[in-house]
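Subject: Structure handover

Hello,

Here is the model, ready for you to open. My notes follow below it.

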Amino acid sequence: MRAAARSVPTRFPIFPLEGALLLPGGNLPLNIFEPRYLAMVRDAMRTHRVIGMIQPTEPERPSRRRAIYRVGCLGGITSFSETEDGRYLITLTGLCRFDVVEELTVATPYRQVVADFARWHCDLAPADPPEDARPRLLAATEAYFRRRGIETDWEAVRAAPLAALVTSLAMLCPFAPTEKQALLEAADLASQGELLITLMEMDARAAQAGAPPVRH
């Protein structure tokens with residue numbers, strides 16, 4: 001996967017989706033049903049099999065293209081199936097984060113960008129987060145999941161490699177879109193792990209103060 005990231009194109013389609021976080025090495029399942037995104041997936045499957053996941057920065061408005069963050073993550077289509085009612089079920093595997101250089105004027109119904117990967121070369125050979133962060137991360141995760149009523153296989157969580165655990169938790173936890181973007185833009189896995197712990201601990205402090213959970 002890391003070798004594949006070295007040969008990705010710098011022009012590709014983007015899928016602006018609020019609250020969806022794809023990180024390098026993570027797997028994001030998607031249910032594609034809008035005509036413009038069905039066309040996007042078909043074209044991607046015929047070419048480089050990549051799609052850039054990125055978040056919009058503003059609410060959806062009729063007849064207006066939503067502004068987007070300048071940082072996203074390129075994903076390779078690693079699983080594809082078509083349902084009887086014409087939907088596509090795909091999995092994107094994160095390859096490398098990117099900076100948007102330019103959004104192109106295109107005839108396709110979906111959006112396309114030119115991207116720069118230079119700032120994110122660390123994604124191609126990521127350094128593992130320090131193991132001494134594991135006890136704090138596990139403690140914060142157990143408390144967070146308990147408050148949120150999230151069930152999981154704790155034996156598998158405790159046995160998971162720390163890098164994979166940080167990536168999976170960052171993608172799966174129901175953080176606000178701005179918090180997900182902060183996780184995406186954190187410098188490396190160690191920074192993502194520290195931010196992940198901070199976000200969970202902030203949630204705990206809000207709960208102790210009697211504040212309602214943040215709605216996502």
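Phenylalanine 80 is partly exposed, at a relative accessible area of 35%. Here buried means under 20% relative accessible area, exposed means over 50%, and partly exposed lies in between (1.4 Å probe, protein chains only). Tyrosine 88 has a relative accessible area of 6%, so tyrosine 88 is buried.

Before the rest, two points on reading this. The model is predicted: local features need pLDDT of at least 70, side-chain atom pairs count only at pLDDT 80 or more, and totals for chains, interfaces and linings use all residues. Residues are numbered from 1 along each chain as its sequence is written, and side-chain values use heavy atoms, with hydrogens and water left out.

Aromatic rings

A pair of aromatic rings is described by the distance of the centres and the angle of the planes. Rings of Phe, Tyr and Trp (its six-membered ring) pair if their centres lie within 6.5 Å; planes under 30 degrees apart are stacked, over 60 edge-to-face, and the rest tilted. That rule gives eight aromatic pairs. One of them joins phenylalanine 12 and phenylalanine 117, with 6.2 Å between centres and 40° between planes, a tilted pair. This pair links distant parts of the chain, 105 residues apart. Phenylalanine 12 sits in strand 1 (residues 11–16). Phenylalanine 117 is in the loop between strand 6 (111–116) and helix 3 (134–148). Helices (H or I, at least four residues) and strands (E, at least two) are DSSP runs, numbered from the N terminus. Both phenylalanine 12 and phenylalanine 117 are buried. The rings of phenylalanine 80 and tyrosine 88 have centres 5.1 Å apart and planes at 55°, so that pair is tilted. Ring pairs also join Tyr144, Phe145, Trp154 and Phe175 into a cluster.

Helix 6 and helix 7

The axes of helix 6 (residues 177–185) and helix 7 (residues 189–208) come within 9 Å and cross at roughly 155°. Axes are lines fitted to C-alpha atoms, for helices over the stretch in contact, with angles from 0 to 180 degrees between N-to-C directions. Helix 6 and helix 7 are therefore roughly antiparallel. The cut-offs: under 35 degrees is roughly parallel, over 145 roughly antiparallel, 65 to 115 roughly perpendicular, and the rest oblique. Helix 6 contributes Glu179, Ala182, Leu183 and Leu184 to the contact (heavy atoms within 4.5 Å). Helix 7 contributes Gln192, Leu195, Leu196 and Leu199. The residues of this contact divide into six nonpolar, one polar and one charged. Ala, Val, Leu, Ile, Met, Phe, Trp, Tyr, Cys and Pro count as nonpolar, Asp, Glu, Lys and Arg as charged, and the others, Gly among them, as polar.

Helix 3 and helix 7

The axes of helix 3 and helix 7 come within 9 Å and cross at roughly 40°. That makes helix 3 oblique to helix 7. On the helix 3 side, the contact residues include Arg136, Arg147 and Arg148. On the helix 7 side they include Glu194, Glu201 and Asp203. By class, this contact has eight nonpolar, one polar and six charged residues.

Loops

Most residues other than glycine have a negative phi. Arginine 49 is not a glycine, yet has a positive phi of about 60°. Arginine 49 lies in the loop between helix 2 (35–46) and strand 3 (50–54). At 36% relative accessibility, arginine 49 is partly exposed. Glutamate 131 is in the loop between strand 6 and helix 3. Its relative accessible area is 47%, so glutamate 131 is partly exposed.

Best wishes
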